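Thanks for coming. I'll keep this short and talk about salt bridges. Please have a look at the structure first.

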Amino acid sequence: MSAQSALVPTGSRALGLGFTGNLGNIDAYISAVNRLPMLTHEEEVSLAKRLRDDHDLDAAQKLVLSHLRLVVSIARGYLGYGLPHADLIQEGNIGLMKAVKRFDPNQGVRLVSYAMHWIKAEMHEYILKNWRLVKVATTKAQRKLFFNLRSNKTGLDAMSPGQVDDLAKLLGVKREEVIEMETRLSGRDIALESPTDDEDDKFSPIAYLSSDQQEPTKVLEAEQVTRLQSEGLETALGKLDPRSRRIIEARWLANDDGSGATLHTLAEEFSVSAERIRQIESAALKKMKGALAAYV
């Protein structure tokens, strides 16, 4: 069910309140809502008492239907946030139903005045959740500043110091809070990925924000290398005789740049031929490879 079709009140045609035909279009819905009859004060009180005392759902429905035009009117004031009109109305309708449920006719207040708070509260919540992927206002004070700043700020230019001071005084907040909220409002959401499959991908945020270092296979490979370089290598060297270990360490582990001792240098040290050193080295590496297999 679409957001627009969900706006249609259930059973409204049966009540004879003016809904006819297909109301899937938002303009048709608004037109139908504006044709609904309004209640007199006496009718409103009578219906509210039936709901309160007898839990009469028909009375509740009539109270809701007669105030749908109020929701439409309030929703128009929030179109500047770029959110669908139908969604704003639908959220406002939820607030209206909450107001009808809690309305006390003995308080001497008309439902229209009481319901405005609930309708705006639902719309505010919807706007704050959907206007940005990252929330711009979380505390009650920030929410109040968010909506007041939007309504009092004129144009898209940054506010001057004088305007900031005037608005801070008007809203009773610190000028720093006004500046911070204006900064949040002036920002915009940025898509992580480019909407096209061309060269723009190279410059989209996903291209430079992603990190291969945290990719699972990379993490496992890094852990494996660490084990090989620590306990694995030490275990493999421990399986060699002293002469073989000395040759391997001198040839491969003495310098980080790989420039170890030559075969002739070690041949002089052990008083054997360079070929013999090469044979010992080859046998030692083969033995170490078998020991390191457990760490691969």
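Which residue forms a salt bridge with E44? R110 does, and the closest N and O atoms are 3.2 Å apart. By salt bridge I mean a side-chain nitrogen of Lys or Arg within 4 Å of a carboxyl oxygen of Asp or Glu.

Before going on, a note on the basis. This is a predicted model, where local features need pLDDT of at least 70 and side-chain atom pairs count only at pLDDT 80 or more, while totals for chains, interfaces and linings use all residues. Residues are numbered from 1 along each chain as its sequence is written, and side-chain values use heavy atoms, with hydrogens and water left out.

Back to E44 and R110, a salt bridge with a 3.2 Å closest N and O distance. The pair links distant parts of the chain, 66 residues apart: E44 is in helix α2 (residues 41-54), and R110 is in the loop between α5 (85-102) and α6 (111-130). Helices here are DSSP runs of H or I, at least four residues, numbered from the N terminus. E44 is buried at 2% relative accessible area, whereas R110 is partly exposed at 31%. Buried means under 20%, exposed over 50%, and partly exposed in between, with a 1.4 Å probe and protein chains only.

Next, R245. It forms a salt bridge with E234, closest N and O atoms 3.3 Å apart. R245 lies in helix α12 (residues 242-253) and E234 in helix α11 (residues 216-238), so the pair ties together parts 11 residues apart in sequence. R245 also pairs with E249, at 2.9 Å; both lie in α12, 4 residues apart, about one turn of the helix.

Across the whole structure, the search finds 10 salt bridges.

Notes:
Helix = DSSP H or I, 4+ residues; strand = E, 2+ residues; numbered from the N terminus.
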